[in-house]
Amino acid sequence: MSSDNQQPFVTDSSKVGTATREARLSGQDNRFNSRLREAFGSSPFILTKFDKFMNWVRGSSMFMLQFGIACCSIEMMHTYAVKHDLDRFGAGVPRASPRQADVIIIPGTIVSKFAPRMKRVYDQMPEPKFVIGMGSCTISGGPFQEGYNVVKGAEEVIPVDIHIPGCPPRPEALVYGVAKLQERIANGESSPVTVKPYELEEFGDLERDEIIDQLAEEIDVEDLVMRYNWADSP
Amino acid sequence: MSVELPADADAVQTPAEVADLLGDLVIGREEHLNAPGFVIKPNSVVDALRRLRDQAGFDHLSCVTAQEYEDRYESIYHLTSYDDRTQEVSIVVPADKENPVSQSANEVFRTADWHEREAYDLIGIEYDDHPDLRRILLPETWQGHPLGQSYDQDQPQVVPLREHQNPLLEDQTADNDSETMYLNIGPHHPATHGVLHIKTVLDGEQVVDLEPDIGYLHRCEEQMCQNSTYRYQIMPYPDRWDYISAGLLNEWAYARTAEELADIEVPEYAQIIRTMGAELCRMAAHFLALGTFALDIYGDFTALFMYSIRDREKVQNILEELTGQRLMFNYFRLGGVVWDLPEPREDFFEMTRDFLEDLPTALEEYHDMMTSNEILQVRTVDTGVLPPEVAKSYGATGPVARGSGIDYDVRRDDPYGYYENLDWDVVTEDGCDNFSRLLVRMREVEESAKIVEQCIDLLEDWPEDERNIQSNVPRTIKPDDDTEIYKAVEGAKGELGIYIRSDGTEEPGRFKIRSPCFSNLQTLPEMSNGEYVPDAIASLGSLDIVLGEVDR
């Protein structure tokens, strides 16, 4: 930046001063003379709905949960890192703790042993929270759909806002998905939180049948469990 | 565990000599395509394996395959030798259909521990004298054994949350008066490289006891392969075992086994392409291992991790040109590869050469920032020590074994592809610690680069009318009923083996994957007990596991 330029933040295109502005600027520090001021025009106020403002804020600065499951997490790492750099879109701060995260990307196959843990991680995230399902496994179980141990999609366990198909999706696809999520958030949309087929419940609350009777000795009534009715899965 | 070997232990063992050695333990013979099979009684497993280990040099229990037949259960112990990989023998142990009990081999080979637990979990064979026969991949409350014949996949299952319920709810002191603390690491934790759960008991900052709990990514790879046809349907799955870009290496494991099983030739030209692709994959996989290791050791997300991703992107671009995909290549076919190098070929060669040319500078950067970094040295030198005898007993292979000074590499010891005709070295380091394993990986990248360069030279000069990428392979492949084979290749993490038993149809009767990470991960308690927690994390990072392959 050349030293003779007295107004470092004013570019050629913004040098369209008005009388009002000139008046306002006289005696002001240069640092106030920003692009933002330009956008606001002569008025120091903006008028918007608080909700709308909050939605814009939420979508523009998303903290992602650092959450790796399977193959897709490799492409997710590539999306965070150089070349694709998700941070450009205000969505690239991976947080290791769910308590600090707004968005969880589910990058991989969910199996019976992991679904309760994933549900627990999701529950620990503060509201409002958003979920991106990455890859075919989170849509339907993907190539492993017929597996005896595979949950047929993330939506069986937690609500999903955006599905990104692919096995695995390319980083560009993930970036697109994140951008779409930001659009949704800015519009104030999110998936309704509904009761999912597989919920965590206390063992004692399960309807008693043959399998429950068999397990009664192994599991405490107060233990949280997830019951999989494979026959009902899509 | 060190054993005085008799002088003639290195000598080649003919099947007759092995039969003599086993003597009256043998109750029958089988012929597997890769090795002679000896059927022994269920209660003489320890005896037989000990004789083979101590007197015939079969010191590597590569894999334990279990399966259920119409009339019996069966465990197969695939033995080979660290000194001579071509020496193989299969010990077949039948078990009763009604009451499948068989003796555990845990006493002779520590690696049998997890392998037998897996066999119990998925098939339902019980092992006598096993120290800890619990489910390993599936939740403890699972009902039935899913790869057994009578399993009903539609029956409901109940999975508890238990140890993750609320770790902070009550004071986690382990027993009444002890000073120790119980700590869950994972399954959602940045340092576990995926969904691994490690149960640790700590005394202050030191690890008293540590137990990896796996199965959070058990997505039924073996079942998927058993339900797919040999010709085309199985090939996409190997990409998803070791998903750190090591796809072609895994595909080669299946290709090698099935080609040997169905007696399929592979043209020389295709072998060179395979070799080049596989080594590019190995480099990409090792780059990620370096990057995440730095991340584990000193949280270096900004420089080294980014550097390694940068180099991976370069390799992935080359692989994408070659195969059409960034990660899940599905490029090999039985009898060759699916298509030739991309046109214009000159551009592809130039692109690959550019990458190879930049590589020494990049590696120098890595060395500047990692191996010569004092913090990293303090954290890795002499931590996570894995003596070679222990490594062998656990069936460790790949960079983990080579970092313990074991000179073992399937590419050289049981050659396949085009490796024999190329000039490269097997890298070993004698330190047995985390640092050595890191060094082995870094030096292996250089060796892989040498291999790729030679392949490029060969491909460039290959006469245009001899570019044969696939041999004639029938559209459907039906190997003879009850043919059995176990074959391995050198994956990014070590010896990746596959056992296939055909049942006369287009689909395998039993498809068993021997994952190197599964065996390597077993060594973690040996390396970590008594050490500090951060060193345990460093050891885990140096093992470079990938959970997709551990759990399958």
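A: Contact here means that heavy atoms lie within 4.5 Å of each other. The model is predicted, and the account below should be read accordingly. By that criterion, 58 residues of chain A are in contact with 61 residues of chain B. The two chains bury about 5,200 Å² between them, and carbon and sulfur atoms account for 62% of that area. On the side of chain A, the residues that lose the most area to chain B are A:Lys113, A:Arg117 and A:Tyr148, which together make up 17% of what that side buries.

Polar and charged pairs also occur between the chains. Four salt bridges are found across the interface of chain A and chain B. In one salt bridge, the side chain of B:Glu320 meets that of A:Arg170, with an N to O distance of 2.8 Å. Between chain A and chain B there are also 21 residue pairs in polar contact, with both residues at pLDDT 80 or more. As for secondary structure, the elements that give two or more residues to the side of chain A that touches chain B are α4 (71-80), α5 (115-124), α8 (210-215) and β7 (224-228) of chain A. Of these, α4(A) provides the largest share, six residues. Sorted by class, this side of chain A has 37 nonpolar, ten polar and eleven charged residues.

The chain is divided into domain 1, residues 53-186, and domain 2, residues 200-232. The C-alpha centres of these two domains of chain A lie 29 Å apart. Twelve residues of domain 1 of chain A are in contact with five residues of domain 2 of chain A. The two domains of chain A bury about 590 Å² between them, with 74% of it on carbon and sulfur atoms. Three residues, A:Ser112, A:Pro116 and A:Arg120, supply 46% of the area that domain 1 of chain A buries against domain 2 of chain A, more than any other three residues. The count of salt bridges between these domains of chain A is zero, and one residue pair, with both members at pLDDT 80 or more, is in polar contact across their interface. The side of domain 1 of chain A that touches domain 2 of chain A consists of seven nonpolar, two polar and three charged residues.

The charged side chains deserve a wider view. Side chains of opposite charge can pair when their charged atoms come close. Over all chains, the count comes to 52 salt bridges. Several of them in chain B can be described in detail. The side chains of B:Arg53 and B:Asp54 form a salt bridge with an N to O distance of 2.9 Å, and both residues are buried.

A further salt bridge joins the side chains of B:Glu490 and B:Arg402 at 3.0 Å, N to O. This pair links distant parts of the chain, since B:Glu490 belongs to strand β14 (residues 484-490) of chain B and B:Arg402 to helix α11 (residues 398-402) of chain B, 88 residues apart. B:Glu490 counts as buried because its relative accessibility is 0%, and B:Arg402 counts as buried because its relative accessibility is 0%. B:Glu490 and B:Arg402 also belong to a network of salt bridges that links them with B:Glu279, B:Arg282, B:Asp409, B:Arg411 and B:Glu444.

B:Arg443 and B:Glu429 form another salt bridge, in which the closest N and O atoms are 2.4 Å apart. Here too the pair links distant parts of the chain: B:Arg443 lies in helix α13 (residues 434-460) of chain B, and B:Glu429 in the loop between α12 (410-413) and α13 of chain B, 14 residues apart. The two partners can be assigned by accessibility. B:Arg443, at 33% relative accessibility, counts as partly exposed, whereas B:Glu429, with a relative accessible area of 18%, is buried; the cut-off for buried is under 20%.

B:Ser393 is placed in helix α10 (residues 388-393) of chain B and counts as buried because its relative accessibility is 5%. A polar atom of the side chain of B:Ser393 lies 3.2 Å from the backbone nitrogen of B:Arg110.

Conventions
Residues are numbered from 1 along each chain as its sequence is written. Chains are lettered from A and ligands numbered from 1 in the order in which they are written. This is a predicted model: local features need pLDDT of at least 70, side-chain atom pairs count only at pLDDT 80 or more; totals for chains, interfaces and linings use all residues. Side-chain values use heavy atoms; hydrogens and water are left out. Domain bounds come from an automatic or database domain assignment. Buried area is the accessible area (1.4 Å probe) that two parts lose on being put together, summed over both. A polar contact is a pair of N or O atoms within 3.5 Å; within protein, one must be able to donate a hydrogen and the other to accept it, and residues adjacent in sequence count only if both atoms are side-chain atoms. Ala, Val, Leu, Ile, Met, Phe, Trp, Tyr, Cys and Pro count as nonpolar, Asp, Glu, Lys and Arg as charged, and the others, Gly among them, as polar. Buried means under 20% relative accessible area, exposed over 50%, partly exposed in between (1.4 Å probe, protein chains only). Helices (H or I, at least four residues) and strands (E, at least two) are DSSP runs, numbered from the N terminus.
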